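The sequence and structure are shown first.

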Amino acid sequence: MIKQLEIHCREFLLGLQTSDAAHNIDHIERVVKLAKYLGKQEGGQLEVVVPAAWLHDCVSLPKNHPQRSLASSLAADKAIDFLGSIAYPAEYLDEIHHAIEAHSYSADIKPSSLEAKIVQDADRIDALGAIGISRCIQVGTGLQRPLYHRDDPMCESREPDDKQFTIDHFFTKLLNIADTVHTPAAKREAEKRSQFMRTYLAQLSDELDLPH
């Protein structure tokens, strides 16, 4: 059932139009892979985890969209409609809806099941590490934001403002993600990736601090 579901989900997603490079099919496939890994490590029900991971971004709105906080609810509704159209077992649909709705950082919905925690953890982990750095820069470039503040790139004497500078997003959100994941397996992976990001920031700071 899961293998057939994944074929349907991939075809469905490839038929959607998206200009968001940070939330495209590559992101979704990475989240699915992470969710399967975490699901197996933590004993989650894959019949809920896998479809929720595949469909969590079937509605994706830009970071600066006025309805950004509603995107996960819209995605959850759209996902359930799609799963109904392929006759996915109805007994899983409520839990899938909740897992999709609760995955979003901006929606601020607390996951109430292990499966919802796993999907949220998988999505958040994809914002960390080498992939997370790349995605952050992709988003900032798409929004035409400067990479860093010229006089204080590491926010040492100012409040970070990620609406103005891309690197500030590390300090407003990304470096705090490891403290927000739920499952033990996710905590281990998030901390490993966060350490890589701290190393990147230290290297960037060194390169920007070269004497004139």
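## Salt bridges

Arginine 30 and aspartate 126 form a salt bridge, with their closest N and O atoms 2.8 Å apart; the term denotes a side-chain nitrogen of Lys or Arg within 4 Å of a carboxyl oxygen of Asp or Glu. Because arginine 30 belongs to helix H2 and aspartate 126 to the loop between H6 and H7, the pair ties together parts 96 residues apart in sequence. Helices are DSSP runs (H or I, at least four residues), numbered from the N terminus. Aspartate 126 is buried, at 1% relative accessibility, whereas arginine 30 is partly exposed at 24%. Here, buried means under 20% relative accessible area, exposed over 50% and partly exposed in between (1.4 Å probe, protein chains only). Arg30, Asp126 and Arg135 are linked in a salt-bridge network.

By this rule there are 8 salt bridges. Among them, arginine 193 pairs with glutamate 189 at 2.7 Å between the closest N and O atoms; both residues are buried and lie in helix H9, 4 residues apart.

## Nonpolar core

The largest nonpolar core has 53 residues; such a core is a set of buried Ala, Val, Leu, Ile, Met, Phe, Trp, Tyr and Cys residues joined through side-chain atoms within 4.5 Å. Helix H3 (46-55) is one of the elements giving two or more residues to this core, and H3 gives the most, with 7 residues.

## Basis of the model

The model is predicted: local features need pLDDT of at least 70, side-chain atom pairs count only at pLDDT 80 or more, and totals for chains, interfaces and linings use all residues. Residues are numbered from 1 along each chain as its sequence is written, and side-chain values use heavy atoms, leaving out hydrogens and water.
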